[in-house]
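Open your viewer and get ready to click along. We will go from a set of annotated positions to the whole chain, one selection at a time.

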Amino acid sequence: MTERTLILVKPDGVKRALTGQILARIEAKGYTIAKLQQLEATRELLAEHYAEHEGKPFYEPLVEFMLSGPVVAIVAEGQGVIPGFRSLAGTTDPTTAAPGTIRGDFGRDWGLKVQQNLVHGSDSVESAEREIAIWFGK
Ligand code: DAT
Ligand code: MG
């Protein structure tokens with residue numbers, strides 16, 4: 001079934017001018033870019049987006065990092081795009097994410113922890129629909 005996912009190029013990816021290469025990988029895999037906008041997140045928006053992580057030790061540093069520069073929000077479409085993009089992105093920690101993945105190829109430990117891992121991708125149909133509404137409206 002065709003599904004949609006919410007992808008973010010995080011501030012580290014935008015600052016390092018990797019947006020084009022990340023988009024190219026999404027398109028090369030055969031997914032469609034349905035919506036795309038660059039914007040500055042707000043604390044309120046991030047509180048909604050990262051609600052599941054509120055209270056965790058990495059929550060505040062994560063929000064501060066996400067406020068440190070513009071992000072590119074993308075809605076990508078295609079069969080299996082939710083697990084498919086997470087597979088393209090690689091595992092959370094860029095130090096050990098597999099080569100060939102976005103995090104594995106472009107990310108590493110810069111001494112500023114795991115949050116600098118270039119991209120976000122929704123992890124289920126429910127979170128995708130919730131996150132698309134947060135970043136693009138209903
Ligand atoms: P993912 O982005 O792979 O879905 P997640 O949803 O568990 O990972 O966490 C959201 C973000 O929070 C993640 O991209 C980076 C940051 N993060 C997760 N676990 C962390 C940790 N143990 N220390 C620091 N940052 C962490
Ligand atoms: Mg997640």
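Start by selecting K10, F58, R86, T92, R103 and N117, where UniProt, in an unreviewed entry, places the feature "binding site". UniProt positions follow the numbering used here, feature names are shortened, and annotations may be inferred rather than shown by experiment.

Before moving on, a word on what is on screen. This is a predicted model, in which local features need pLDDT of at least 70 and side-chain atom pairs count only at pLDDT 80 or more, while totals for chains, interfaces and linings use all residues. Residues are numbered from 1 along each chain as its sequence is written, and chains are lettered from A and ligands numbered from 1 in the order in which they are written.

**Stop 1: F58.** Zoom in on F58, in the loop between α3 (43–49) and α4 (59–66). Helices (H or I, at least four residues) and strands (E, at least two) are DSSP runs, numbered from the N terminus.

**Stop 2: R103.** Is R103 buried or exposed? R103 has 23 other C-beta atoms within 10 Å, so it is buried. Look for it in helix α6 (residues 102–106). Beyond its neighbours within four places in sequence, R103 is in contact with A89, G90, T91, P94, A97, N117 and L118 (contact means C-beta atoms, placed from the backbone, within 7 Å).

**Stop 3: ligand 1.** Now select ligand 1 and the residues surrounding it: H53, F58, L62, T92, K113, V114, Q115, N117, H120 and D123. Each has its C-beta atom, placed from the backbone, within 6 Å of the ligand. Colour this shell by class and you will find three nonpolar, five polar and two charged residues. Here Ala, Val, Leu, Ile, Met, Phe, Trp, Tyr, Cys and Pro count as nonpolar, Asp, Glu, Lys and Arg as charged, and the others, Gly among them, as polar.

**Stop 4: G84.** Move to helix α5 (residues 81–89), which holds G84. Not counting residues up to four places away in sequence, G84 touches K29 and G78. Try the distance tool too: G84 and G121 are 37 residues apart in sequence and 9.6 Å apart in space, C-alpha to C-alpha.

**Last stop: the whole chain.** Zoom out to see seven helices and four strands. Along its principal axes, the C-alpha trace spans about 35 × 35 × 25 Å. Of the 138 residues, 33% are buried.

Notes. Contact = placed C-beta atoms within 7 Å. Buried ≥ 20, exposed ≤ 12 C-beta atoms within 10 Å, placed from the backbone.
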